[in-house]
Amino acid sequence: RKALDNTIKNIVLNFEGKDLAGTEIVLRERLQPGKFKLIFANILENILILEKRFILSSLDQGGYLIVSGLLNDQVE
């Protein structure tokens with residue numbers, strides 16, 4: 001629940017006044033199989049590695065994967 005609250009706060013801070021029609025926040029438990037044009041993953045390296053197959057299989061061909069949350073020594 002804390003991660004979801006933090007996500008919502010970040011959206012408000014970063015996109016206030018912007019038209020976000022067509023976007024949605026999806027909890028993993030409620031995620032329906034599908035392809036996405038953009039996936040933003042703000043998580044640590046160990047989770048990215050654990051979820052790599054799932055994340056990449058959800059990315060539409062020609063889509064974008066944006067990753068943040070890595071520590072400096074995890075960038076490579």
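Setting aside neighbours within four places in sequence, Asp 60 is in contact with Lys 35, Phe 36 and Lys 37. Contact means heavy atoms within 4.5 Å. This is a predicted model, where local features need pLDDT of at least 70, side-chain atom pairs count only at pLDDT 80 or more, and totals for chains, interfaces and linings use all residues. Residues are numbered from 1 along each chain as its sequence is written, and side-chain values use heavy atoms, leaving out hydrogens and water.

How confident is the predictor? pLDDT is its confidence in each residue, from 0 to 100. The chain averages a pLDDT of 85, and 100% of the residues score at least 70. Helices (H or I, at least four residues) and strands (E, at least two) are DSSP runs, numbered from the N terminus.

| Element | Residues | Mean pLDDT |
|---|---|---|
| Helix 1 (lowest) | residues 2-15 | 85 |
| Strand 2 (highest) | residues 59-68 | 93 |

Asp 60 sits in strand 2. Is Asp 60 buried, partly exposed or exposed? Buried means under 20% relative accessible area, exposed over 50%, and partly exposed in between (1.4 Å probe, protein chains only). Asp 60 counts as partly exposed because its relative accessibility is 29%.

Now take helix 2. This helix covers residues 45-58, which is 14 residues. From first C-alpha to last it reaches 18 Å, close to the 20 Å expected at 1.5 Å a residue. The expected span is 1.5 Å times one less than the number of residues. A kink of about 65 degrees is centred on Glu 51. The bend at a residue is the angle between axes fitted to the seven residues ending there and the seven starting there.

Leu 48, Glu 51, Ile 55 and Ser 58 are buried in helix 2. The buried residues of this helix pack against strand 1 (36-42) and strand 2.

Which residues form the largest nonpolar core? Ile 39, Ala 41, Leu 48, Ile 55 and Leu 59 make up this set of 5. A nonpolar core is a set of buried Ala, Val, Leu, Ile, Met, Phe, Trp, Tyr and Cys residues joined through side-chain atoms within 4.5 Å. Beyond its neighbours within four places in sequence, Leu 48 is in contact with Ala 41, Ile 43, Ile 55, Val 67 and Leu 70.

Gln 74 lies in the segment after strand 2. Gln 74 is buried because its relative accessible area is 14%.

Terms used:
pLDDT = per-residue confidence, 0-100.
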